[in-house]
Amino acid sequence: MSNILVGVTGGIAAYKTAYLVREFIRARHNVKVVMTKKAESFVGHTTFEALSLNPVLREDNTPKPISHIDYALWADICIIAPATANIIGKINAGIADNELLSTILALKCPLVLAPAMNTNMYNNVIVQENIKSLQSKGIYMILPASGLLACQTEGEGKMQEPDIIAEKVLNILNNKNNLSLKVENDMLSGLTILITAGPTKEYFDPVRYITNESSGKMGYALAEEAHKMGANVILISGEVSIVSDIPNIHKVVSAEDMYNAFLSFYNDADIIIMAAAVADYAPVYENIKIKKNDDELTINLKKTKDILSYAGANKKDNQILVGFAAETNNMEEYAKQKLEKKNADIIAANDVSRKDIGFNSMDNEVTLFFADGHITHTGRQSKQDIAKIILAESAILHSEKNQ
Ligand code: PMT
């Protein structure tokens, strides 16, 4: 039984949302509804209260001053049906000028939109760009069907039928639940887990360096969750501002330092997870501060040691090796190449062109590529929850390998 939050906006398809709520209730889920003022001109809130058995969060009648936060945090998944062009544009712009939009901004769960509108509106380049932009941020779309629309024209823009929407929403929910079901409190007890985190800093003179945007949040989330799940954690960390009280943190600066620290610990590790953003190239170092003499300055770079490749080449039979792939394009192709070339058991690929996940964000969304060929999408979740999923999958692989 999960908590499903249904958002209703002002379109004629709002009447179908009553059937959608009924589908969820029939499947024994808890449902709460948030309505915009316009939605109430199509269907009254009492219909949704009667069907959901819960108070509806409305513009004119919020149960509490901060109900939008309560509703957002209560939800395991949120579906907006129908989603008008207006709400799609406002979500994409981060606007929060009504209860529904404020709730959406506070969500910590997957968000699904079922757009419905006139064909010309749907095909409008701005609406299409908004839809694509939201999809690229990890928001699920149940795209409309073609058919006779309320405006008596035929074309794309008809909201999908409630049973189809319900099935898709429940599939997303099941995938999320299946992943978190695998997480058990003590599943790492007795195991040693080596994790790398954060950026490396590559100095090219005594006061200047090249680095990257990694905050260390992903790697520290892995280390802290692994610690909670009973593991003996060894964390090799680049310079980050995170303060953590887990024992066994080894601070390093450069890729070379990280490699050397790695060599000291990897032998004893049962599971190795490499979340650090290690520089691929380091500058040739000048012992004294480079002077500003010329208009142009050339810095020569040389390849660093690829720690993940080393770990893969020297992997012991009982070890599980998890690498990350930070990609901006061709994610699947590059992740699969890394999986094979680096002899990893899992590659966790994340899209680092997105601002809401990846580098320096609170959340992440990864696709896990396994050596046996199967693939799992986590959806966008907090880095802590992503960490739990990666750790659970690693623990399962480890126990299969060590039976
Ligand atoms: O630290 P955050 O702000 O929370 O951001 C998290 C993250 C985006 C840094 C993280 O999720 C992530 O993607 N980490 C890997 C970053 C990276 O360097 O990816 P890559 O595709 O360039 O490298 C592939 C793998 O090889 C990684 O596991 C990396 O740790 C490893 N590597 C890379 C270079 C090198 N010289 N040695 C390595 O071991």
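In which sense, parallel or antiparallel, do β3 and strand β4 pair, and over how many bridges? In this predicted model, strand β4 comprises residues 111-115, and its pairing with β3 is parallel, with four bridges between the two strands.

Strand β3 itself, formed by residues 77-83, is mostly covered, and seven of its seven residues are buried. The side chains are divided between two directions: I77, I79, A81 and A83 point one way from the strand, whereas C78, I80 and P82 point the other way. Residues of both sets are buried.

Turning to annotated positions, an unreviewed UniProt entry assigns the feature "binding site" to D280, K289, F324, K338 and K342. These positions span 63 residues in sequence, and the two C-alpha atoms farthest from each other are 37.3 Å apart, so the set does not all gather at one spot. Of this set, D280, F324, K338 and K342 belong to the lining of the largest pocket.

Two of the annotated residues, D280 and F324, may be described in turn. D280 is located in the loop between β13 (271-274) and β14 (281-283). Its relative accessibility is 56%, and D280 is therefore classed as exposed, the cut-off being over 50%. When neighbours within four places in sequence are left aside, the contacts of D280 are K302, K303 and T304.

F324, by comparison, is placed in strand β16, which consists of residues 320-327. With a relative accessible area of 14%, F324 is buried, because this value falls under 20%. Leaving aside neighbours within four places in sequence, F324 is in contact with M218, L222, I273, M274, A275, K338, I347, A348, N350, V366 and I390. Among these contacts is K338, which also carries the "binding site" annotation in the UniProt record.

A further feature, "active site", is listed by UniProt at C151, again in an unreviewed entry. C151 lies in the loop that connects β6 (145-148) and β7 (154-158). The relative accessible area of C151 is 40%, and the residue is therefore partly exposed.

Notes
Residues are numbered from 1 along each chain as its sequence is written. This is a predicted model: local features need pLDDT of at least 70, side-chain atom pairs count only at pLDDT 80 or more; totals for chains, interfaces and linings use all residues. Side-chain values use heavy atoms; hydrogens and water are left out. Buried means under 20% relative accessible area, exposed over 50%, partly exposed in between (1.4 Å probe, protein chains only). Two strands pair if DSSP finds at least two bridges between them. UniProt positions are given in the numbering used here, feature names are shortened, and annotations may be inferred rather than shown by experiment. On a 1 Å grid over the protein atoms alone, a cavity is a set of points where a 1.4 Å probe fits but cannot get out, and a pocket is an open set with protein on both sides within 12 Å along at least five of seven lines; lining residues have an atom within 4 Å of a point. Contact means heavy atoms within 4.5 Å.
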